[in-house]
Amino acid sequence: MIRTGRSLRNLLNSRKIIFSCKKLFSEATGINSNEKTTHFGFKTVKESDKVKEVYTVFENVANSYDRMNDAMSLGIHRIWKDILIQRLGPTHGSKLLDSAGGTGDITFRYIRYLKHVPNHQGLKSYVTVCDINKNMLEVGKTRAIKEGFTNEETIEIDWKECDAEKLSFDNDSYTAYTIAFGIRNVTHIDKVLSEAYRVLTPGGRFMCLEFSHVNNDALRWLYDKYSFQIIPVMGTLIAGEWQPYQYLVESIRKFPNQENFKEMIEKAGFRNVTYENLTCGIVAIHSGFKL
């Protein structure tokens, strides 16, 4: 009986200690143990807070976003985006949803590509630029006017402030869906993939360009050094912002590798899912069809 009583007291004390530790963790981090958490870079945050954190990041860097992309990638991001559109190979009469495409980089390439494709039947094409961040969309609209993309007779652009996890578009309404360097910033990747599948027409194509996992050991070492020691400094010098670019390099490391992301795309319902590594896997193009 004495041993049983001691064991019971020890068990109760252990539970009290565990409860106290959980309480201290909750108070220190601001995270309730009953709330779901996710990552914001290397930080653990409440799911409800990640959207606000990411929104603030892109709100702060919207005006310098394109300059920083050129500086960080030495201009190579332009080639990656060109290849994405080449692989998509859009045709006249298509309807593209460019998700998380606020500044218009993919949309403008889509338009330029179609301009070089004969349109003997005079078919009209459409592109919807969708982004959760109003500031990014404003940058894209300004660029569209400046670069002369607002007066296209056979290509119509629509700009929508919308969450990629909860799209406001009808089922089976787009022939193609692109998302470039946006999906790793969302809270629920599976919801974005599910929504992409929903809005695509049967036969429609999903294409994602995203930072991925380098497949060369020596290059990975150099890439990590450059990412963590140089990019945040560039952010400070060019954009006047350190934290958004520290988040950028951390978020890349938290994103699923090529094979795991491929499995997620397949789980969403897509078929003929493939990926193509660019620059030794620094980025990858993922493709899938709604069949």
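Let's start with a count: a search of the whole structure turns up 18 salt bridges, each being a side-chain nitrogen of Lys or Arg within 4 Å of a carboxyl oxygen of Asp or Glu. Keep in mind that this is a predicted model, where local features need pLDDT of at least 70, side-chain atom pairs count only at pLDDT 80 or more, and totals for chains, interfaces and linings use all residues. Residues are numbered from 1 along each chain as its sequence is written, and side-chain values use heavy atoms, with hydrogens and water left out.

Now for the sheet. Strands of a sheet pair through backbone hydrogen bonds, either parallel or antiparallel. Here 7 strands make an open sheet with mixed pairing, in the order E5-E4-E3-E6-E7-E9-E8. Strand E5 (155-161) and strand E8 (271-278) sit at the edges with a single partner strand each, so one side of each has no neighbour in the sheet. On average, neighbouring strands are turned by 15° against each other, direction ignored. The names come from DSSP runs numbered from the N terminus: helices are H or I with at least four residues, strands are E with at least two. Two strands count as paired if DSSP finds at least two bridges between them.

Zoom in on strand E7 (residues 200-211) and strand E9 (residues 283-289), which pair in the antiparallel sense over 7 bridges. Met207, for instance, has Ser287 in E9 as its bridge partner. Helix H7 (residues 189-199) lies across strand E3 (95-99), strand E6 (174-180) and E7, and runs at about 145° to E7. Such angles run from 0 to 180 degrees between N-to-C directions, using axes fitted to C-alpha atoms, for helices over the stretch in contact.

What about the inside? In soluble globular proteins, nonpolar side chains tend to be buried together. The largest nonpolar core has 41 residues, and Trp80, Tyr110, Leu209, Phe211 and Val283 touch the most other members. A core like this is a set of buried Ala, Val, Leu, Ile, Met, Phe, Trp, Tyr and Cys residues joined through side-chain atoms within 4.5 Å. Buried means under 20% relative accessible area, exposed means over 50%, and partly exposed is in between (1.4 Å probe, protein chains only). Not counting residues up to four places away in sequence, Leu209 touches several residues, among them Trp80, Leu84 and Val283; contact means heavy atoms within 4.5 Å.

Trp80 also belongs to helix H4, where the buried residues include His77, Trp80, Lys81 and Leu84. The 13 residues of H4 (residues 76-88) should span 18 Å at 1.5 Å a residue, and the end C-alpha atoms are 19 Å apart, which agrees. That expected span is 1.5 Å times one less than the number of residues.

Back to the salt bridges. Which residue does Arg143 meet in a salt bridge? The partner is Asp105, at 2.8 Å from N to O. This pair links distant parts of the chain, 38 residues apart, with Arg143 in helix H6 (residues 134-146) and Asp105 in helix H5. Arg143 counts as buried at 17% relative accessibility, and Asp105 is buried at 8%. Compare Arg220 and Asp217, whose closest N and O atoms are 2.9 Å apart: both lie in helix H8 (residues 217-229), 3 residues apart, about one turn of the helix. Asp217 counts as exposed at 57%, while Arg220 is partly exposed at 33%.
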